Amino acid sequence: MEEELKNQFRGRFGDEQAAIMEQAISFASRVHCNQRRDDGTPFVTHPLTVASYLLDMGMDAPTVIAGVLHDTVEDGDNVQIGDIETMFGHEVAFLVDGVTKLTKSGKQTYVTKKQEQTENLRKLFLAIAEDVRVVIIKLADRLHNMRTIDVCSPQKQIKKSKETIEVYAPLAHRFGMGAIRSELEDLAFRYLLPEEYQSIKEQVDVQQKERLELLSNAMERMKALLREANIEGSISGRPKHLYSSYRKMQRNNCTLHELYDLIAIRIIVDTVTDCYAALGVVHAAWKPLPGRFKDYIAMPKPNLYRSLHTTVMDENGIPFEVQIRTKEMHATAEYGIAAHWMYKEGRKSMTELDKKTSWLRQVLEADETTEDSKEFVDNILKDFLGEYVFVLTPRGEIIDLPVGSTPLDFAYRIHTNIGHHCQHARVNGNVVRLDYKLKTNDVVEIITSNAQTGPSRDWLAIVKTQSAKNKIRQWFKHENREENIQRGREMLEESAKRHGQSLAILMKPEYCAEVLKRHNLATLDDLYSSIGFGGVSAGQVLHKLIDLHRKAERLDELQEKLENAGTELSKKPLHRANPKGIYVHGDPGMAVFFGNCCNPLPGDPIIGYVTRGRGVSVHRKDCKNMQSLMQDPDRLIEVEWAIDERTDFSATIRVFIEDRPGSLLEVSKVLLGLNVNMTDLSSRSTDDGYAAMEITCTVSNAEQLQLIISNLRKIKQVIDVFRV
C-alpha cells in the first residue's frame, strides 16, 4: 500500500512534493509504530488508506499529506501541532489541527464526555468554515473507520454509527458528496437497525434483479437511439441505496414495490447540450410520468448537485428513473465539493466554490452570536444538517431551510435587518401569515417597513431555525436591557415559588458565582437580563442553584463526619513512624503510599484511608477525592507527619509564562538559586502567546514548595504558578 501510494502521488504532483510525502509517511510510521487497530493490523494502515481515498478524489497535495498525518497529534505521544507546522508547513498543520480533537491538540480539558464531544464538533465546524478541505479529510477518515467497523465491539459499533448518521452523513450530503453519504448511511443503518436493514436488503436484492432483467432491453435500446442521434455517452444501471429506500418508505408510508426509483438508468454525456438532447431522445421513446421531471442543471441544488431527472414508463408498464448528466456533473454528484480540485484547471479563482458554500459564512456568524457550545452545535445540526426545503427568492436564487421553516426564517437567512424589519410576506404572489410553513419551490418575497422597529417576542414561537431565534434574542438583549433585567428577576422569583424554594437561601454569593461562570456572565444583572430576553431559562438557573445548595449541605455533613472521625481516631495511641515518614494510628505494620490525586507534602493536613490489599492511602484533607472516600468513613484512619525525620518528596508545579526566548532560562535560574533538584520538565506553547511548563522537583515539605512558587511568581514574564 505504501509504495503504491508514493508512486501515485509522485505521478500526479512530481518529485518535489513526493519528497514531502515520503517524509510524512515516514513520520506517521514512527508515531504509530507501536499501535494496532481493532482488527490487529498496524495502525498506520488507516492514515495511509485515508490518504489514498483523498488521492482518488483528486485532492491537492497538502490535503493528501494531511491525510497521512491526520492522527499523529491525536493518537501519537507528545506530538504537537507545532511539530507538524515546523516539518510540513502551516497549511498542512491547519488541516491536521482541524480534524484533531481539542483534548489532543493541547487546548482544553472537559468535565464530561458529552461536553468534550460538543466542543470537538464546534472546533470541527469552525475549521470547516475556514477551509472546506477539513471536512473532506474527516469524511475520508470516517468512511474507512465505518468500512472496518465490523471488528469493533457492539457498543462502539452503535456509538460510531449513531454519530455517523447524525453528523457525518448529513455533512457529506451538505457538501454534495453523494457516494460517500450513501455508503456511510448504509453502513450505519446496518448496525443501528439490523433487522430493518436485513429485511430491506433481501427485498431490494430480489426486486433489483427482476427489474434489471426487465430494463436491460430498455438500456440496449437507449444506447442505439443515442448512437442514431450522434450523442456520445455511457449508460449504466444504478441501484438504490438501502437507507434511502428505508427512509422514503417511512416518510411516504409505502412499501418497497411502490418506489419508482428503486433502480435508475444513468446517462453520462460530454456536454450540457447533449444532456438536453438525450432527454429529448428518452421522452420520444418512452412515455414520461407527469410531475416527475426535475431540471437540476438549470437550477442546481445548493450542495452543487446538477443533473436531469425524469421518470418514464417502459413497454411492460414498469416506471423507471433516468438521470442525465455530464462527466463533470457526475464527478460532482459523487464527490461534491471535492470535485472542484478534479476540474480546477482553467479556473481563475475560488469564486464559484465560495458562492456554493456561502452557508459556511453563516456558521462563523453563528459562532459570533452563540456563547454556549452546545447551543452552537445544535444550531448547525438543526439548521444546516437536517431535512430541508428549497425555496426561491424573487430573482430565482435557491435558499435551503429546515423543514417547517416560515417566511421569518427566510427573512433572517437573507439578512438580520430584513428579519428585524419584516412586516409581512408574499409566497407565490399571495400575502401569507408569518407562521406559514414554506414548501419546496415556493417563491418568497419579504416586505419590510421602517415603522417595524424590531422583532416581536411572539416571533420566537414562530421561527424554526436556531439562527433566527438567536438573532431575535440578541436584539432583545441589546435593545431592552433594563426591561429584561426586571423581567428576568420576576421570572426567576416566580419559578422559585412554583418549586417551593426561597431565593434568599439559594442566591448565596458562592452559588451565584458558579451560575455566572457556567453561562459566561459577569454580573447578576447580566443573568437576569439573559433570563429576560430568553438566552437562558429561569428553570435552568433555578435547578442549578438548587443543585449547588444540596451539594453544599452534603459537603457540610461530610465535613462534620470527618471531624467526628478525627476526634475518635485521635484517642487511639500513636505508633512509630512508617518508612514513608508517616505516623499511623492503630496499626504500625500497615504499608503506606501517597495518593497521586493530591501528592501530600509535610505540612499539609492529611488523613489516611485503609484500602483493600494495598495498605493505607494518604491524602490531603482538602483532596478532591475525599467526598467519595467519605462514603465509607469507617475505613478512615488518622495519620500524621513524622516531622523530625528527613524524607524527600516529589511535587509538580505548573508555570504559565510569556513564550519568548530566555523564559526557560529565567525559571531555571530561580530553581538553581533555591538549590532545587528538578526531576522532570515539559513545556508546550498555547495559542495566545504563552508557554505552559510542568516542573517536577524534589522537596522536603509544603513550606519549601510554597517558597519555590512565590519566588517563581516574582519573574516578570510569569503569569501564574500553582501546585498540580
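**A buried threonine and its setting**

Reply: Thr-63 counts as buried because its relative accessibility is 0% (buried is under 20% relative accessible area, exposed over 50%, partly exposed in between, with a 1.4 Å probe and protein chains only). The model is predicted: local features need pLDDT of at least 70 and side-chain atom pairs pLDDT 80 or more, while totals for chains, interfaces and linings use all residues. Residues are numbered from 1 along each chain as its sequence is written, and side-chain values use heavy atoms, leaving out hydrogens and water.

Thr-63 sits in helix α3, which covers residues 61-69 (helices are DSSP runs of H or I with at least four residues, strands runs of E with at least two, numbered from the N terminus). Apart from neighbours within four places in sequence, Thr-63 is in contact with Leu-54, Leu-95, Arg-133 and Ile-137 (contact means heavy atoms within 4.5 Å).

For the chain as a whole, 48% of the 724 residues are buried. The secondary structure consists of 30 helices and 22 strands. Of the contacts between residues at least 6 apart in sequence, 65% join residues at least 24 apart.

Glu-2 belongs to helix α1, residues 2-31. With 30% relative accessibility, Glu-2 counts as partly exposed. Once residues up to four places away in sequence are left out, Glu-2 touches Ile-25, Ser-29 and Leu-48.

Glu-163 is part of helix α9, residues 154-174. Its relative accessibility of 12% is why Glu-163 counts as buried.

Helix α14 spans residues 327-335, and Met-329, Ala-331, Thr-332 and Ala-333 in this helix are buried. Gly-336 follows α14 and has a positive phi, near 55°.

A sheet comes next. Three strands form an open sheet in the order β10-β9-β11, and their pairing is antiparallel (two strands pair if DSSP finds at least two bridges between them). β10 (430-432) and β11 (444-448) are the edge strands, each pairing on one side only. Direction ignored, neighbouring strands of this sheet are turned by 35° against each other on average. β9, made of residues 422-427, is joined to β10 by three bridges, and the two strands run antiparallel. Val-431 in β10 is the residue that stands opposite Arg-426. Helix α19, residues 407-414, lies across β9, β10 and β11 and runs at about 80° to β11 (axes are lines fitted to C-alpha atoms, for helices over the stretch in contact, and angles run from 0 to 180 degrees between N-to-C directions).

Helix α23 (residues 481-498) packs with helix α26 (residues 524-533) at an angle of about 85°, and the axes are 6 Å apart. On the α23 side, the residues that meet α26 are Arg-481, Asn-484, Ile-485, Arg-487, Gly-488, Arg-489, Met-491 and Leu-492. On the α26 side they are Asp-525, Asp-526, Tyr-528, Ser-529, Ile-531, Gly-532 and Phe-533.
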